[in-house]
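Here is a short briefing for a first look. Keep the sequence and the 3D view side by side as you read.

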Amino acid sequence: MTVNEPFLNVRELRKYFPLDRGLFNRGGGLVKAVDGVSFSIGGGETFSLIGESGCGKTTVARMVLLLETPTDGAVFWRGRNVHTLSGPQLASYRASVQAVFQDPRSALQPRMRIGDIVGEPLEVNTGLSRSEIRERVAKALESVGLSVADRQNFPHELSGGMQQRVAIARALALKPAIIVLDEPVSAVDVSIRAQILNLLKDIQSQQGVAYLFISHDLGTVRYMSHRVGIMYLGKLVEEATTEEAFSSPLHPYTKALLSAALPGHPDVKQEEIVLPGEVPSPIDTPSGCRFHPRCSYAMEVCHGVEPPLCEACSGHIVACHLYPAKP
């Protein structure tokens, strides 16, 4: 499918949380959950953020969804800073950017019927009549492989996979331009993960919706994505097309991350890279390159100078002193 020009631009996004060390020791510093992340997403594109737990990828998603306010930086939607929007413009943005979260059981109101769950965003965000909402709900359910009869069910009457389909239908009801998918299949049975992923790809192909895909499952990311951003300790360390990122990774952390994933075929042999030590605390991040304490390629410059993101080759950017910026 053709990917359109970017309409969501994340620029130097930062989120610092104040640390409270206890009753008698307040003002204990900052947790730098996200520290200067930038990327863009075009229409019909899937951009994935990957990295170890705690790297900041979900915090980025929450700022895109306006669930967190950035400490610095901004999210631009069609050229406008979304954190300055108000009134009808803010309502339009909220309708255009929807979300599907990890656990459908906690995302669906257990006391509401499926038809009401899917229709609620339409009641809140549109002026549609009851009959128009019923029609839109029926189409949304049909688009995710559920029947009109499912409108009368409660969430507990459906399987985990069907519940996640309901969550997707609710996101689709407002006809969004982009959906944030935060670990959308990690809480469902392995046997139906492929069904959900294929459903998401079919919806993208038919409706042109873009996805911001958050996951630690590298196989899922490779299957779903057009482009990939790799995060480490709050920073984006590499960004490339999915094929480039998986076949020709540049950053030492990306190489280690991919080496830990299961190969696509049992006969494929791959080098295993074992990283020493633990991920440093986001409260006290290393100077220079944040990865240098665990990197076997670390040089003297890595200890004191933070590498900027630069283009190592066409469309492939990396933050590493092994790949100096081009003049």
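Which residues lie nearest the centre of the largest cavity? They are Cys 289, Cys 295, Cys 302, Cys 320 and His 321, from a lining of 13 residues. This is a predicted model, in which local features need pLDDT of at least 70, side-chain atom pairs count only at pLDDT 80 or more, and totals for chains, interfaces and linings use all residues. Residues are numbered from 1 along each chain as its sequence is written, and side-chain values use heavy atoms, with hydrogens and water left out.

**Cavity and pocket**

- Rolling a probe the size of a water molecule over the atoms shows where empty space is left.
- The search uses a 1 Å grid over the protein atoms alone: in a cavity a 1.4 Å probe fits but cannot get out, while a pocket is an open set of points with protein on both sides within 12 Å along at least five of seven lines. Lining residues have an atom within 4 Å of a point.
- Grid points are joined across faces, edges and corners, and a volume is the space filled by probe spheres set on the points.
- The whole structure holds 1 cavity of 30 Å³ or more. The volume of the largest cavity is about 70 Å³.
- The lining of the largest cavity has 10 nonpolar residues, 3 polar and no charged. Here Ala, Val, Leu, Ile, Met, Phe, Trp, Tyr, Cys and Pro count as nonpolar, Asp, Glu, Lys and Arg as charged, and the others, Gly among them, as polar.
- The largest pocket has a volume of about 430 Å³. Its lining has 16 residues, and Leu 65, Arg 94, Val 97, Gln 98 and Ala 99 lie nearest the centre.
- That pocket lining splits into 12 nonpolar, 2 polar and 2 charged residues.
- Helix 2 (87-96), strand 6 (97-100), helix 4 (114-125) and helix 6 each give at least two residues to the pocket lining. Helices (H or I, at least four residues) and strands (E, at least two) are DSSP runs, numbered from the N terminus.

**Nonpolar cores**

- A nonpolar core joins buried Ala, Val, Leu, Ile, Met, Phe, Trp, Tyr and Cys residues through side-chain atoms within 4.5 Å. Buried means under 20% relative accessible area, exposed over 50%, and partly exposed in between (1.4 Å probe, protein chains only).
- The largest core has 54 residues; Val 118, Val 144, Val 166, Ile 168, Ile 179, Ile 203 and Tyr 211 touch the most other members.
- Helix 6 (residues 160-173) supplies the largest share of this core, 7 residues.
- Another core lies apart from it, with 31 residues, including Val 37, Phe 47, Val 82 and Ile 178.

**Aromatic pairs**

- A pair of aromatic rings is described by the distance of the centres and the angle of the planes.
- Rings of Phe, Tyr and Trp (its six-membered ring) pair if their centres lie within 6.5 Å; planes under 30 degrees apart are stacked, over 60 edge-to-face, and the rest tilted.
- The count by this rule is 6 aromatic pairs.
- Tyr 232 and Phe 291 pair edge-to-face, at 5.2 Å centre to centre and 85° between the planes. Tyr 232 lies in strand 9 (residues 227-232) and Phe 291 in the loop between helix 10 (252-259) and helix 11 (300-304), so the pair ties together parts 59 residues apart in sequence.
- Tyr 232 is buried at 3% relative accessibility, and Phe 291 is buried at 2%.
- Tyr 253 and Phe 291 also form an edge-to-face pair, at 5.5 Å and 65°.
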